[in-house]
Amino acid sequence: MEKLVISGGTPLHGTIPISGAKNAALPLMCTCLLTEDKVTLENLPRLADITTLTDLLNHLGVTVTIEGGRGGMLTGRSLTFDAHTINDTVAPYDIVRKMRASILVLGPLVARMGEATVSLPGGCAIGNRPIDLHLKALEALGAKIEMEQGYVRATAAGGLKGGRVRFPFVSVGATENILMAAALAKGTTTIENAAREPEIVDLAKCLNAMGARITGAGHETITVEGVEKLHGCTHAVMPDRIEAGSYAVAALMTRGDLLLEGAKADDMQATLDTLTEAGGIVSVEDGSVRVKANGHVQGFNVVTQPFPGFATDMQAQFMALACVADGASVITEAIFENRFMHVSELTRLGANITVKGSTATVRGTQKLKGAPVMATDLRASMGLALAGLVAAGETTVNRLYHLDRGYERLEEKLKAVGARIERMPG
Ligand code: EPU
């Protein structure tokens, strides 16, 4: 198992190119299941989760080819997905257990094939994460749902039919699943209390380019007029707002100055507002975002919320920032019930954090000290890497595979702006 070894204390200066967004890319890859034509996705990040979903699509019969690749499998940034023939409608446990987002094949498969069987993803480190909303929404479109031996089976013999879906609370994945399914359903579907995340807008854009008739993406109510067939398209994946936000935190924490090339400020306003509240100077420059420090960092308060609120995927990184701020910060995690695993590891670096229920109070210190740490999820690992960038001495972040799920060429990008960071065998 590889690890990251970081020697903290260097301010980061320069430009970091922002990759395509993992959480946009995963649903976008599933759109290929809706058509016999080819779907080409540009600006795909090279990440473990993309490889896992490619394996699953391959298993279902999708052919994946690299456009303009630079060598081995999945090193290209443009991939073409050809689901002309789907020869299996079962997403097996062995692949689904590696990545919960595998559930996103359920909606498109049942819409096109009239049936789909997907292993139940189960809980994960950040919480219980049920899929009841996905299933209820598919039922509202006429699918029959059955559970058998750890698998969920959805069937719609005569095809899905448009219907009214009203989510009791916002779910990104359930909105994506139903958006894809409704695109091929007969009649009109309305999705109320839909997720408004930029990744939803990107997905709707791609589906519309394939011939879908979706309006309202990015708003609370989305309307989908089903069409009989979708065709292929070429679509560029949006820039990763969470990757950009993570490096923005690095700029402020290390008292540096980073240009996040390609980042879209509109997609990450809550992150940028909190950085400003913490004392950072944020500017939008020619299609990029620049974040620099202005002397000291001050405490701030955040509550995680669905978009356009403060993203849960930024919570661990901001907690690392709070650890080195002047004064106290209060951070409340309102989306996932168990997303504070980084707290005990940050404490090992000298942080002063008290957790009560879903709220963490962080009292800033200027003196984090390097130590070996490990995390059980992606964003928590990033929070620890950020702390390592400012801690005195050496920090080792173990279980690097978490970071490899969501940060493309992390150590390369950080090294290029002055960080002392190495990937080492475990
Ligand atoms: N929920 C249910 N039932 C459902 C679906 C969700 O109770 O059927 C709950 C979840 O347990 C959670 C809340 O609803 O408490 C919101 O979950 P959501 O469905 O929005 O999350 P997701 O679609 O599973 C995506 C991202 C996550 C990100 C969340 C929230 C992808 C592939 N994953 O997950 O990203 O944290 O939205 O914004 O898009 C990450 O990148 O590190 C990551 C975990």
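Tutor: A search of the whole predicted model finds two aromatic pairs; rings of Phe, Tyr and Trp (its six-membered ring) pair if their centres lie within 6.5 Å. F300 lies in the loop between β17 (288-292) and β18 (301-303) and F318 in helix α10, so the pair ties together parts that are 18 residues apart in sequence.

Helices (H or I, at least four residues) and strands (E, at least two) are DSSP runs, numbered from the N terminus. Residues are numbered from 1 along each chain as its sequence is written. In this predicted model, local features need pLDDT of at least 70, side-chain atom pairs count only at pLDDT 80 or more, totals for chains, interfaces and linings use all residues, and side-chain values use heavy atoms, with hydrogens and water left out.

Helix α10 (residues 315-323) also packs with helix α12 (residues 378-390), at an angle of about 25 degrees and with the axes 7 Å apart. That angle makes α10 roughly parallel to α12, the term for angles under 35 degrees. On the α10 side, A316, Q317 and A320 are in contact (heavy atoms within 4.5 Å) with R379, A380, M382, G383, L386 and A387 of α12. Of the residues in this contact, six are nonpolar, two polar and one charged, with Gly counted among the polar and Arg among the charged.

Definitions and conventions
Axes fitted to C-alpha atoms, helices over the stretch in contact; angles between N-to-C directions. Parallel < 35°, antiparallel > 145°, perpendicular 65-115°, else oblique. Phe/Tyr/Trp six-rings, centres within 6.5 Å; stacked < 30°, edge-to-face > 60°.
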